[in-house]
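Work through the exercises below with the sequence and the 3D structure at hand. Each task is followed by its solution in steps.

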Amino acid sequence: MSVPVDHHYLPEFYLRRWTRAGKLYRYVRPLENSRIHQKRVSPAAVGYEPHLYSYTGGQSDLERTRLEHSYFQQIDDRAAKALVKLENMERGSAIDHMGLVQFVISLLHRSPRRMQYLRDELIKRMLDVPQFDPSRPRDQDMIRDGVNDLLADLISSDTVIPEIVGMKVFRVPVDAKRRFLTSDTPIMLSQGTRNPRSFLIMPYAPDRLTIFARDENVALAFSIQEGDVLVNAINDAIVRQARHVVIASDDTERMFIDERFKPFSPPDGAGDDGFIRWIAP
């Protein structure tokens, strides 16, 4: 079995939905005094980092990359099947629903920026521990492996999963001239998953959204918006909360992205956890 080196925080099956003739447009956040880097690439060439989830210890390469080749692959496979059923308006099973829930949660946490945030937070909590030294390779390995374990725990959380499983899933096709973008932070969150008007939104194709919501009126508030107005609002949120990469199906949104995707700074309105919270129309 070949052991994966490139760990995709944006799975290829998800990105393929933005392709035309096998390619999509990738926009990279610019550095100071430079322009956005735009390139037309295949899904395999974007949304990955070598050894992003690799453990530092283990008996084999396969064991060290178990999060990527086993854990995330299973989540992504289930989500791919569930999205096909959602798109075809087929009734999904409990396994399909759970697959979508875990996939959405995984996209909240598995990006390089989020992983680094978790590592930085763990280091802060360890600074008072006697003999802990964040510059020492042994302790760096401990932090890396600890965050890998935390990542799996977050995505399988007995606290978070039931809250989102309890939400209804809505498919929102959009008839508009413009197309949805996605990014390395593609999930829009509301304030608190227990709130009656809570929601999570994921563009899953250039002309379709999926919305998790407790109240169907929340999903309706989005779906009744005029198509291009809704696309503009969602794209504005997706670009503003993106960290490094924005994805488009074509280059028609270049100016829109260029106006919003500036040299890196913390996202406007982000909370202490680094997430921006949005409200329904």
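**Exercise 1.** State how the residues of the lining of the largest pocket divide into nonpolar, polar and charged.

Step 1. The lining holds 13 nonpolar, four polar and six charged residues. Here Ala, Val, Leu, Ile, Met, Phe, Trp, Tyr, Cys and Pro count as nonpolar, Asp, Glu, Lys and Arg as charged, and the others, Gly among them, as polar.

Step 2. The model is predicted: local features need pLDDT of at least 70 and side-chain atom pairs pLDDT 80 or more, while totals for chains, interfaces and linings use all residues. Residues are numbered from 1 along each chain as its sequence is written, and side-chain values use heavy atoms, leaving out hydrogens and water.

**Exercise 2.** Find the volume of the largest pocket and the residues closest to its centre.

Step 1. The volume is about 500 Å³. A pocket is an open set of points on a 1 Å grid over the protein atoms alone, where a 1.4 Å probe fits, with protein on both sides within 12 Å along at least five of seven lines; lining residues have an atom within 4 Å of a point. The volume is the space filled by probe spheres set on the points, which are joined across faces, edges and corners.

Step 2. Of the 23 lining residues, H109, R114, L154, D273 and F275 are the closest to the centre.

Step 3. Helix α5 gives the largest share of the lining, six residues. Helices (H or I, at least four residues) and strands (E, at least two) are DSSP runs, numbered from the N terminus.

**Exercise 3.** Describe how α5 and α6 pack.

Step 1. Their axes are 9 Å apart, at an angle of about 115°. Axes are lines fitted to C-alpha atoms, for helices over the stretch in contact, and angles run from 0 to 180 degrees between N-to-C directions.

Step 2. The contact (heavy atoms within 4.5 Å) includes M115 and L118 of α5 and M142 and I143 of α6.

Step 3. By class, this contact has 11 nonpolar, two polar and two charged residues.

**Exercise 4.** Give the strand order of the open sheet that contains β8.

Step 1. The order is β5-β9-β8-β7, with antiparallel pairing. Two strands pair if DSSP finds at least two bridges between them.

Step 2. The edge strands, each pairing on one side only, are β5 (168-173) and β7 (188-189).

Step 3. Six bridges join β8 to β9 (residues 208-213), and P203 stands opposite L209 in β9.

Step 4. Helix α3 (residues 66-87) packs on this sheet and touches β5, β8 and β9.
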